[in-house]
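Hi everyone, thanks for coming.

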Amino acid sequence: MKDIHHTRAVPRAINWNRLQDDNDLEIWNRLTVNFWLPEKVPLSNDIQSWSQLTEDEQTLTIRVFTGLTLLDTIQNTVGAPALMPDAQTPHEEAVLTNIAFMEAVHARSYSSVFSTLCQTSQVDEAFRWSAENEHLQAKSRLILEEYDATSNPLRKKIASVFLESFLFYSGFYLPMHWSSRARLTNTADLIRLIIRDEAIHGYYIGYKFQRSLERLPEAERAELKDFAFGLIFDLYDIEARYTEQLYDPLGLTEDVKAFLHYNANKALQNLGFEALFPEEACRVNPAIMAALSPGSDENHDFFSGSGSSYVIGKTVATEDDDWDF
Amino acid sequence: MGGLVYFSSGSGNTARFVERLGLPATRLPLKGNADVPELAEPFVLICPTYADGAGRSAVAKPVIRFLNVEANRSLLCGVIASGNRNFGQTFAMAGQVIARKCNVPLLYRFELAGTETDIARVHDGLQTFWGSRCLTPA
C-alpha cells in the first residue's frame, strides 16, 4: 500500500549546464576553489606563543573559540540545511550543501587549535562554559527560532546572514587582536580562512534574500525589513553583554564593540539594507583592520592623498584569459 | 566633469553606492550576451571585486568585456574599487588589476555599499580629479 503522505518526489538530476541563476555557478566555483582544511595551517608554530599568554588570556581564547564552535555547529547542522528546502534552483541547493560542509570544517578546525595548543582539562572546562553561558545560549536560541521549519523562508535567510556576518565577530576579534601583537599568528591565518568563507556565505545568502524580497509586495517587504532591524537590535543587545563579560578584564570591550557595529552594518548591507550604526561608532582599531586584511593597504589611493596613486602591485598569480590586452 | 561607469552584480551594493553619490552614471550590463556600451567621453570606472582566495578572476567578466574595447579603454581615466576587507589580501583587488593593466590611477577603495564618508570623499575627490586634468585623452 502506498502512503501518499510519505511519498517524496524524485528530484530532477541537476544539470550545471542549464543555469537559472549564473551566480549559483559563480559562487560554487569560488567556494570550491577556496576549499581548505585545518591541516593546511601549521598551528604547531603557535605553541611557543601560546605558552607566553597568561592563564586568563588562554582561558579567554579557548572560551571565545568554543563560542565560535557553537555557531559553526548550528550553521552546519541546522542553519544551512534549513535553507535547502527554500532553494529556488537546484544549484542553490548544491551550493548550500557546500556551505553546510564548510561550517563543519570550521567547527572542526577549532578542535585542531585546541589539540595543538591546549590541555584537555582547559578545553573541557571551556565547552562546559559555553553550554552554560547565558548570552551564548540566548543568541543561539534567537537564531534557532528562525531556523524552525515553519518559519518564513526570508526570515531564515535574515537570521542566517546575521549569524554569518555579525555574530561571529565578537569572537573573531580576539585572534585578530593577538595577531596584531604578533601572537598566535598561525591561528590567525586559520581564522582568516574562516572569515573569508563566512564573507562569501553572507554575500550569497543575502543575495538570494534580495532576489526573493524583490518579488514581494511593498507591505511584506517593509515588514521583513522591520523584522531584520528588530532582530539585529536584539542580537546586538546580547552581543554587547557577551562582549563585556569576555573582554572587560582585558579592557578591550569598547574596541570590540566598534568592531561589532562595523560588522552589523556590513551584515545589513549584505541583505541590501542601509547601515544601522553611525560611522563614529564604527571606528575600528586600525591594528585590527590591518590584521583582517594584511598587506591590502600597501597601495594607497589617490583621493586619500598619500603614497603613489599608481599601483605597482604584486603580480597577480594568474591572469584571467578573458582580457584581450 | 567626466563620466562615470559602473558594474554592480545582483547584490546591488555598487548600484546603491552610485545612487547615493548622485552623479550621472552608466551601468554596465550584467548579462554576458548584452551589447557592450561604447563611451564617448573620458570616465572613471567603479568596479566591485570577485577574486578567489588566490586573487584570480578579481574583475567581473562584463567589466573585462567592456575594457577589451580599445575605444573604451582609451577613455578610462581612473578606477574606484569596492570589496570586503574580510577577503584579506584580495580586498578591492579588481582596482589594482585594472589600474595596472590600463595604467590609470586607483582613485579610491570602499567596502560593500560604502559609508557616508566614502560617498563624500568620492564625490569631492571626483570633482578635484576632473578639475585638475585636461579632459581630452592623451
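Let me start with a question: why does A:E103 count as buried or exposed, whichever it is? A:E103 is buried because 26 other C-beta atoms lie within 10 Å. The cut-offs here are 20 or more other C-beta atoms within 10 Å of a residue's own for buried, 12 or fewer for exposed, and partly exposed in between, with C-beta atoms placed from the backbone.

Two housekeeping points before I go on. This is a predicted model, in which local features need pLDDT of at least 70 and side-chain atom pairs count only at pLDDT 80 or more, while totals for chains, interfaces and linings use all residues. Residues are numbered from 1 along each chain as its sequence is written, and chains are lettered from A and ligands numbered from 1 in the order in which they are written.

Back to A:E103, which sits in helix 4 of chain A, residues 90–117. Helices (H or I, at least four residues) and strands (E, at least two) are DSSP runs, numbered from the N terminus. Setting aside neighbours within four places in sequence, A:E103 is in contact with A:D72, A:Q75, A:N76 and A:A80; contact means C-beta atoms, placed from the backbone, within 7 Å.

Now, the annotation. An unreviewed UniProt entry gives "binding site" at A:E103, A:E164, A:E198 and A:H201. They are spread over 99 residues of sequence, yet they cluster in space, with a largest C-alpha distance of 10.1 Å. Do keep in mind that such annotations may be inferred rather than shown by experiment; positions follow the numbering used here, and feature names are shortened.

A:H201 belongs to helix 9 of chain A. A:H201 also counts as buried, because it has 27 C-beta neighbours inside 10 Å. Beyond four places in sequence, A:H201 is in contact with A:I99 and with A:E164, another of the annotated positions.

So how do the two chains meet? The contact takes 40 residues from chain A and 41 residues from chain B. On the chain A side, helix 9 (185–213) is among the helices that each supply at least two residues, and helix 9 gives the largest share, nine residues.

Last stop, chain B. Strand 3, residues 43–47, is mostly covered, with four of its five residues buried. Strand 3 of chain B pairs in the parallel sense with strand 1 (residues 3–6) over four bridges, where pairing needs at least two DSSP bridges. In that pairing, B:G3 has B:F43 as its bridge partner. Five bridges also join strand 3 of chain B to strand 4 (residues 76–83), again in parallel.

Notes: Two residues are in contact if their C-beta atoms, placed from the backbone, lie within 7 Å.
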